[in-house]
Amino acid sequence: MLRKTLLAASLASVIFASPVMAQDAAPTEDPVLATVNGEEILESEVRATQQGLPQQYRQLPFEMLKGELLTREINQRLLMIAGSDAGLADDAEVKARVEALERRVVAETFLDRALDDAITDDVIKAKYDEFVETNVPEAQVHARHILLESEEDAKAIIAELDDGADFAELAKEKSTGPSGPNGGDLGFFNRADMVAPFAEAAFAMDAGSYSKEPVQTQFGWHVILVEEVKEGTQPTLDEVRQQLLAEATRDAITDIVDGLREEADIVNNVEIEAEKAAAEAADKAEKEAPAE
């Protein structure tokens with residue numbers, strides 16, 4: 001599914017998916033789901049129609065959409081028969097559009113098969129090793145806080161803590177924040193999950209300590225207790241496999257297309273005309289510039 005999505009982003013989407021695009025999903029047997037004027041509509045054709053839909057529909061079980069897809073295929077077959085009876089098979093516009101569709105399907109199929117060779121387990125493993133090397137795992141902090149309206153109120157809470165008061169009980173009694181009834185418990189969070197002043201204070205503290213000075217944010221004044229500091233861990237290969245597969249696929253597509261471009265004789269008239277226009281504009285500007 002990811003492969004098809006990335007291919008769709010690299011090549012123009014086709015109006016209707018061909019059976020080739022849906023072969024992986026086709027059943028071993030290919031039953032006839034309907035006939036239209038004696039013409040059979042096979043299940044493989046209806047499955048191919050699903051592959052031409054937006055991604056959110058391609059992900060749904062075929063059985064869930066089968067009835068609606070079959071109706072669409074019947075309607076399409078009726079229109080095709082009507083157009084054929086009208087002689088459109090030999091129409092110049094139809095032939096041009098069929099040729100354009102064929103070019104796109106051939107290009108997509110070539111790229112899909114090339115990616116089968118390019119995206120191997122070794123490639124994904126190398127991507128993972130690079131990910132681990134370049135992404136430093138982020139630590140997490142488990143903290144509680146007591147949110148107050150004024151600095152004076154926050155300092156009074158700190159004085160109570162210095163005298164041995166229980167942080168969670170004070171949070172339940174005094175905190176104005178939504179976590180107050182839960183003893184101010186915020187659970188584990190990353191640095192980016194909190195506003196900067198709060199995060200800077202919490203991540204600078206040791207486990208078991210509370211802030212000796214109130215911390216001000218746009219929400220008010222905080223007294224923070226750090227319950228636990230947890231060192232960051234790297235995700236497993238399976239946890240980031242889809243991300244790495246997407247990156248490897250994009251890289252492979254770029255390499256394949258760049259390789260073809262290097263070997264091809266390409267004359268890009270649009271670029272030639274743009275360069276010519278830019279040169280003419282620069283020449284005109286130079287001629288019209290006042291002499292010093």
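Trainee: How many residues apart are Lys66 and Glu63 in helix α4?

Mentor: Lys66 and Glu63 are 3 residues apart in helix α4 (residues 62-85), so about one helical turn separates them. Helices here are DSSP runs of H or I with at least four residues, numbered from the N terminus. This is a predicted model, where local features need pLDDT of at least 70, side-chain atom pairs count only at pLDDT 80 or more, and totals for chains, interfaces and linings use all residues. Residues are numbered from 1 along each chain as its sequence is written, and side-chain values use heavy atoms, leaving out hydrogens and water.

Trainee: What does Lys66 form with Glu63?

Mentor: Side chains of opposite charge can pair when their charged atoms come close. A salt bridge means a side-chain nitrogen of Lys or Arg within 4 Å of a carboxyl oxygen of Asp or Glu. Lys66 and Glu63 form one, with their closest N and O atoms 3.2 Å apart.

Trainee: Is Lys127, then, buried or exposed?

Mentor: Buried means under 20% relative accessible area, exposed over 50%, and partly exposed in between (1.4 Å probe, protein chains only). Lys127 counts as buried because its relative accessibility is 17%. Its salt-bridge partner is Asp251, the closest N and O atoms being 2.5 Å apart. Lys127 lies in helix α6 (residues 121-134) and Asp251 in helix α10, so the pair ties together parts 124 residues apart in sequence.

Trainee: Which residues are linked in a network of salt bridges?

Mentor: Glu39, Glu45, Glu73 and Arg77 are linked that way. Searching the whole structure gives 14 salt bridges.

Notes
Helices (H or I, at least four residues) and strands (E, at least two) are DSSP runs, numbered from the N terminus.
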